[in-house]
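Please read them beside the sequence and the coordinates.

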Amino acid sequence: MRKRAILYIRVSTDDQKDGYSPADQEERLIKFCQQNDIEIVRICHEDESAKDFENRPEWQKILSFIKKNKNAVDIILFAKWDRFSRNVAEAYITIKELRKYNIEAQAMEQPLDFAIPESKFMLAVYLAAPEVDNDRRALNTFNGMRRARKEGHWVTPPIIGYKRFKDEKGKPFMVLEGGKIEGFVRKSFTEFATGLHTIDTLRRRLNKEGFKISRTSFNDLLKNKAYIGQIFIPAYKDEPPIWINAVHEALIDETIFYEVQDILNGRKKMPSKYITLRDELPLRGFITCPKCGKNLTGSASKGRNGKFFYYHCNRGCQERKKATELNGMLSTLFKSLSFNKEGINLLGEILKQEMKADSKTNKTEVLRLNSEIEKHQLRLKNARTLMLDGDFSALEYREMKAEIEEQIKRLELQRAKFSSDDENLTEQIDFCVALLSNIEYCYDVADIETKQQIIGSIFPEKLVFDNKKCRTAKLEDSVELLCLNSKGFKGSKKEKHPIYEMLSVDVHMKGLEPPPLRTRS
């Protein structure tokens, strides 16, 4: 009886380089079948790895065919046993499975007679040789990549904000992308380090600007030390995991990076919830219902001429106000705040003088940090001595060394921060002076996030708008003292300032709302 065969052709990239192409295999297999009077049922070409049969789509089609068409195939024919599999265990399992359907697996160039028990020895050799070759290649690749990592080279695909490059020796490493993506990564860290955003708030904002990234990827990005010029060496045998300096250029300053880590790890405060920001609804989250006292939310309604935005209550009291109306009332409220510009400038200069006085405290803190750094350096030295004396293993020493060096790095960054604090605080004071001196204009031209920061900084309590005016508008104490028409200044007094010997400015007593009229009885 004439035998029926499925020709199974599988080839790898290396095989094609050596001239062992699919066309060559197919031609020789067809010729073999013609010479041996074998009927060809179908021809299957496979491009997947030889390690796993389950992930080979063409092989799964063969199994499906022989299950549906029992006794239609006698042989699965291939060129060599390494075309069938490079995994001994997988190969034996698959051969056993084929025998359930009375189908024999056979190699054209390495034929075996399975009726002879000793043929199993040759089968083991044919299958083990390619598996050993595979394992050797994988080990060489692994060792090569690990060695490259230890030399600081980035061997995996570049992270966001970088692109792949090769040096003159052909070794891969990352270089800065130099475009919009690099700018978005830099902005991600600098904005998050301010502590004014939640992760999702910032991610959504950057998404709108064109930086498309998932929540998980964005979280991983903010934790990746590769952005400060380091590379991770995974644990292997007795070597612990460790970060080392890489050859690629850092994208993020270390101080900003560790400030971000402090926020992520809870050592620094960050916003607790996310509020959707809309340019049309700057007051959302800052106003309460005049009827029930609950927070007003905001939304848009579609009309014939477009969308119309409203602040409204979800508690059933039917409170609903046009957003343009309340936004305008807030602008009017800002116009009514008349700040004492001379007082603001004076306060700015006083704060700068106080900042200089605080530099002594900074010096004390620097001395404390120096002492802490020296203690950790001594611990590291003692740990090395104990390791050399055999009190604990090299693995334990490496783990301890990595932990101590990380602590030293953080302390050094804290120490470096004190040197830049004076300049940063001076800039912040000048910014606040300019903001309060031109509060109405600054609010009008600000983006939605800045508007909400201004509202939250000036008004410590929720606002209530009723009868076309603001019923409650308590000011922050520091802001109230600088406002001419607030109750913070009581009367006009002439005093000499202890630093500048200047006369304090006369102020008036007016609230944000006119006082009620009194009638004589």
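1. Over the ring of which residue does the charged end of Arg99 sit? The ring is that of Phe114, and the charged end of Arg99 lies 5.3 Å from its centre. A second contact of this kind involves Arg56, whose charged end sits over the ring of Phe53 at 4.1 Å from the centre. The model is a predicted one, and the points below should be read with that in mind.

2. Overall content. The chain holds 16 helices and 13 strands. It has 521 residues, of which 36% count as buried. Among contacts in the chain with a separation of 6 or more, 61% are between residues 24 or more positions apart.

3. The parallel sheet. Four strands form an open sheet in the order β2-β1-β3-β4, with parallel pairing. Its edge strands are β2 (39–46) and β4 (104–107), each of which pairs on one side only. From one strand to the next, the twist averages 25°. Strands β1 and β2 run parallel and are joined by seven bridges; within β2, Cys44 is the bridge partner of Tyr8.

4. Aromatic pairs. The count of aromatic pairs comes to 15. One of them is Tyr8 with Trp59: the ring centres are 5.2 Å apart and the planes stand at 70°, so the pair is edge-to-face. This pair links distant parts of the chain, with Tyr8 in strand β1 (residues 4–10) and Trp59 in helix α3 (residues 57–68), 51 residues apart. Tyr8 and Trp59 are both buried.

5. Arg164 has Met174 in β6 as its bridge partner. Five residues lie between the strands of this hairpin, and Gly170 takes a positive phi near 85° there.

6. His153. Is His153 buried or exposed? His153 counts as buried, with 9% relative accessibility. Leaving aside neighbours within four places in sequence, the contacts of His153 are Ala148, Asp167, Lys171, Pro172, Phe173, Ile231 and Val247. Of these, Ile231 is 78 residues away along the chain, and its C-alpha atom is separated from that of His153 by 7.9 Å.

7. The antiparallel sheet. An open sheet of three strands has the order β9-β10-β11 and antiparallel pairing. The edge strands, each pairing on one side only, are β9 (297–303) and β11 (320–322). On average, neighbouring strands of this sheet are turned by 40° against each other, direction ignored. Three bridges pair strand β10 (residues 306–312) with β11 in the antiparallel sense, and His312 stands opposite Arg320 in β11. Helix α11 (residues 323–336) packs on the sheet, where it touches β10 and β11, and its direction makes about 70° with that of β11.

8. Cysteines. How many disulfides does a search of the whole structure find? It finds zero. For Cys313, the closest cysteine sulfur is that of Cys317, at 3.4 Å, which is too far for a bond; the cut-off is 2.5 Å. Cys313 counts as buried, at 9% relative accessibility. Cys442, in turn, is partly exposed, with a relative accessible area of 23%.

Technical notes:
Residues are numbered from 1 along each chain as its sequence is written. This is a predicted model: local features need pLDDT of at least 70, side-chain atom pairs count only at pLDDT 80 or more; totals for chains, interfaces and linings use all residues. Side-chain values use heavy atoms; hydrogens and water are left out. Buried means under 20% relative accessible area, exposed over 50%, partly exposed in between (1.4 Å probe, protein chains only). Rings of Phe, Tyr and Trp (its six-membered ring) pair if their centres lie within 6.5 Å; planes under 30 degrees apart count as stacked, over 60 as edge-to-face and the rest as tilted. Helices (H or I, at least four residues) and strands (E, at least two) are DSSP runs, numbered from the N terminus. A charge sits over a ring if NZ of Lys or CZ of Arg is within 6 Å of the ring centre and within 35 degrees of the ring normal. Contact means heavy atoms within 4.5 Å. Two strands pair if DSSP finds at least two bridges between them. Axes are lines fitted to C-alpha atoms, for helices over the stretch in contact, and angles run from 0 to 180 degrees between N-to-C directions.
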